[in-house]
Amino acid sequence: MRLKLDIDPDIVAMMAAEVAAGERAVTAAMREAGTGLKTAWRMQITGAGLGRRLANSIRNQNFPRSGESLDAAALVWSKAPVIVGAHDTGPLIRSKDGFWLAIPLPAAGKSLRGGRITPGEWERRRGLRLRFVYRHTGPSLLVAEGRLNTKGQAVVSRSKTGRGKVTAPIFLLVPQVKLPKRLDLARDAERALDSVPGLIVANWVEGR
């Protein structure tokens, strides 16, 4: 007995069409999920008061970069992972050398490089020496003898009589700082992941 199997061209075309529809649906779903997660993370960051600049560090990329695939994927990440990660986990920060963390007070001003100024940079710029003041209760201090300018920052006093001269607290010294957790990125990531099956079905139906 000899059997002969002929495959109907219409069935082959139908199967190919279903595969193509699946590729379109999965690719579209992953793009929507990735874009949605990027938007959600950016909204979290701005909502936490961390600024638009940090929010814009969140980026996404779709794979494949062109075309469609049943293995499509979306990658969402930050170009400032250390900063975003710190606000997401709320870590305990200690001094690298095991001594003190110097937290600048308003009288310290800002760094020329952006961000917080260090005691070393402050002394070089101001031409003043910092003096350590130990306190039994509360953080210890680094203080300087000078005057406060119109911005409330400590500068060298030019007065020969000592008028206006003050002992200004410049830095707080603490052994460690617990950064508050201000973000919950995993929550939005889980929501985006849970939305993928529904997005695939919706895009598959719409593509018919």
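**Salt bridges, strand pairing and an aromatic contact**

Glutamate 121 and arginine 125 form a salt bridge, with the closest N and O atoms 3.7 Å apart. A salt bridge here is a side-chain nitrogen of Lys or Arg within 4 Å of a carboxyl oxygen of Asp or Glu. The model is predicted: local features need pLDDT of at least 70, side-chain atom pairs count only at pLDDT 80 or more, and totals for chains, interfaces and linings use all residues. Residues are numbered from 1 along each chain as its sequence is written, and side-chain values use heavy atoms, with hydrogens and water left out.

Both residues of the glutamate 121–arginine 125 pair lie in helix H4 (residues 119–126), four residues apart, about one turn of the helix. Helices (H or I, at least four residues) and strands (E, at least two) are DSSP runs, numbered from the N terminus. An α-helix has 3.6 residues a turn, so residues three or four places apart point the same way. Glutamate 121 is buried at 5% relative accessibility. Arginine 125 is partly exposed at 35%. Buried means under 20% relative accessible area, exposed over 50%, and partly exposed in between (1.4 Å probe, protein chains only).

The structure holds six salt bridges. One of them joins aspartate 88 to lysine 181, with the closest N and O atoms 3.5 Å apart. Aspartate 88 lies in helix H3 (residues 81–89), and lysine 181 in the loop between strand E9 (176–178) and helix H5 (185–206), so this pair ties together parts that are 93 residues apart in sequence. Aspartate 88 is buried, at 18% relative accessibility. Val84, Ala86 and His87 of H3 are buried too. Just after H3, glycine 90 takes a positive phi of about 65 degrees. Elsewhere, a network of salt bridges links Arg187, Asp188 and Arg191.

A further salt bridge joins the side chains of arginine 131 and glutamate 145, at 2.7 Å from N to O. Arginine 131 lies in strand E5 and glutamate 145 in strand E6, so the contact ties together parts that are 14 residues apart in sequence. Both residues are partly exposed: arginine 131 at 41% relative accessibility, glutamate 145 at 30%.

E5 (residues 131–133) and E6 (residues 140–148) are antiparallel over three bridges; strands pair if DSSP finds at least two bridges between them. Arginine 131 stands opposite valine 143 in E6. The E5–E6 hairpin has six residues between the strands, and its glycine 138 takes a positive phi near 85 degrees.

With strand E8 (residues 166–174) it pairs in the antiparallel sense over seven bridges. Glycine 146 stands opposite valine 166 in E8. With strand E7 (residues 154–155), E6 pairs in the antiparallel sense over two bridges. There, leucine 148 has alanine 154 as its bridge partner. Five residues separate E6 and E7 in their hairpin, and glycine 152 in the turn has a positive phi of about 80 degrees.

Ring contacts were also counted. Rings of Phe, Tyr and Trp (its six-membered ring) pair if their centres lie within 6.5 Å; planes under 30 degrees apart count as stacked, over 60 as edge-to-face and the rest as tilted. The count comes to one aromatic pair. Tryptophan 100 and phenylalanine 132 form this tilted pair, 6.2 Å centre to centre with 45 degrees between the planes. The pair links distant parts of the chain, 32 residues apart: tryptophan 100 is in the loop between strand E3 (92–94) and strand E4 (101–104), phenylalanine 132 in strand E5. Tryptophan 100 is partly exposed at 36% relative accessibility, and phenylalanine 132 is partly exposed at 41%.
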